[in-house]
Amino acid sequence: MDRSNQTSPVVGFILLGLPAHPKLEKTLFVFILLVYLVILLGNGVLILVTVLDSRLHTPMYFFLGNLSFLDICYTTSSVPLILDSFLTPRKTIPFSACAVQMFLSFAMGATECVLLGTMAFDRYVAICNPLRYPEVMSRAVYVPMAAGSWVAGSTSAMVQTSLAMQLPFCGDNVINHFTCEILAVLKLACADISINVISMGVANVIFLGIPVLFIFVSYVFIIATILRIPSGEGRKKAFSTCSAHLTVVFIFYGTILFMYGKPKSKDPLGADKEDLADKLTSLFYGVVTPMLNPIIYSLRNKDVKAAVRNLVTQKRFTW
């Protein structure tokens, strides 16, 4: 039903947050603020060591530096807004600011999907074709691969955001979320959103389905190659080079599948609890996952730990 002639167009949105859980909001404010500081510190240190330490000037660490920069951009596009919504009940956000925040979040998410796929290809070449690795993953190859990830993610985000913002919004302008999450915004449109749904479906296939399939196939070959290594020490060393990436992939895609793959409750009370669970899961995906990435790569990677120690030692002597 078209409601566009019933009320005046919306010029801004109200972010609902968690109005029914004020104590939880205060707890989450402190928690998310601390996590955000850890994200800035952890990912910032990873970017610094991958740039300054010549031993880390390899494709894998170049992709890791891009992933860390992406995590900083992703969280910075949403965390300040989330923290402000906890302090300001029914936080109002202008239409244009909502569009920018939606674009940045979607762009960073889509870019990370492609970037994780390129990192899987890097591990596949390193383990399955080690003699050709310098040739296949030369600088002339891995830099355009990373740049292509950013271009692809940004292009998709531009398309999705443009289609969403062209819709007429009228009547209820309350977004039942912490941020301008695209699905929550589309629910407020007073026009047919079938084109948006089809477009997002295509984007999901391209940025979720294809990378997941590519990562799965890559690791089938990787595991098969590792199992053929005669020595146990050799198998352990080979698996350790890709275990961090595999852990990040499971956390990233596992959270997405949990958010969008589970069935919706038809019971009103169950729906309220489900709504709270969806918001908290979204927070985990948007805040906790970027915090875990540098921790996982630091704990599971001797080169990164050595580079961090060298950086700390150099700073200590400089002071």
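Helix α5 (residues 139–165) packs against helix α7, with axes that come within 10 Å and cross at roughly 165 degrees. That angle is over 145 degrees, so α5 runs roughly antiparallel to α7. The crossing of the two is left-handed. On the α5 side, the contact uses A152, G153, S156, V159, Q160, L163 and A164. On the α7 side, it uses I195, N196, S199, M200, A203 and F207. By class, these residues divide into eight nonpolar, five polar and no charged. The model described here is predicted.

**A residue in α5**

A164 belongs to helix α5. Is A164 buried or exposed? Its relative accessibility is 0%, under the 20% limit, and A164 therefore counts as buried. Which residues does A164 touch, leaving out those up to four places away in sequence? They are M102, F169, I182, L186 and N196. N196 is also one of the α7 residues in the contact between α5 and α7. A164 and I193 lie 29 residues apart in sequence, and their C-alpha atoms are 8.5 Å apart in space.

**Helices α3 and α7**

Helix α7 (residues 194–227) also packs with helix α3 (residues 95–128). Here the axes come within 9 Å and cross at roughly 20 degrees. α3 passes α7 in a left-handed crossing. Residues of α3 in this contact include F106, A110, C113, V114, L116 and G117. Among those of α7 are M200, F207, L208, P211, F214 and I215. How many residues of each class does the contact have? It has 20 nonpolar, three polar and one charged. R123 of α3 is among the residues that make the contact. M200 and F207 of α7 take part here, and M200 and F207 are also listed in the contact with α5.

**Helices α1 and α2**

Another pair is helix α1 (residues 22–52) with helix α2 (residues 59–87). Their axes are 9 Å apart, and they pack at an angle of about 160 degrees. That makes α1 roughly antiparallel to α2. α1 passes α2 in a left-handed crossing. The contact has 18 nonpolar, eight polar and two charged residues.

The table sets out the angle and the axis distance for each pair.

| Helix pair | Crossing angle | Axis distance |
|---|---|---|
| α5 and α7 | roughly 165 degrees | within 10 Å |
| α3 and α7 | roughly 20 degrees | within 9 Å |
| α1 and α2 | about 160 degrees | 9 Å |

**A residue in α2**

S77 sits in helix α2. S77 counts as buried because its relative accessibility is 11%. What does S77 contact, leaving aside neighbours within four places in sequence? The partners are Q101, L104 and S105.

**The whole protein**

The protein has ten helices and three strands. From the N terminus on, its elements run β-α-α-β-α-α-α-β-α-α-α-α-α. Of its 319 residues, 45% count as buried. The accessible surface comes to about 16600 Å². Carbon and sulfur atoms hold 70% of that surface. Among contacts with a separation of 6 or more, 80% join residues 24 or more positions apart.

Notes
Residues numbered from 1 in each chain as written. Predicted model: local features only at pLDDT ≥ 70, side-chain atom pairs only at ≥ 80, totals over all residues. Heavy atoms only, no water. Axes fitted to C-alpha atoms, helices over the stretch in contact; angles between N-to-C directions. Helix = DSSP H or I, 4+ residues; strand = E, 2+ residues; numbered from the N terminus. Left-handed = near helix turned anticlockwise from the far one by under 90°. Contact = heavy atoms within 4.5 Å. Nonpolar A, V, L, I, M, F, W, Y, C, P; charged D, E, K, R; others polar. Buried < 20%, exposed > 50% of the residue type's maximum accessible area, 1.4 Å probe, protein only. Areas by Shrake-Rupley, 256 points an atom, 1.4 Å probe, with all protein chains shown as cover. Parallel < 35°, antiparallel > 145°, perpendicular 65-115°, else oblique.
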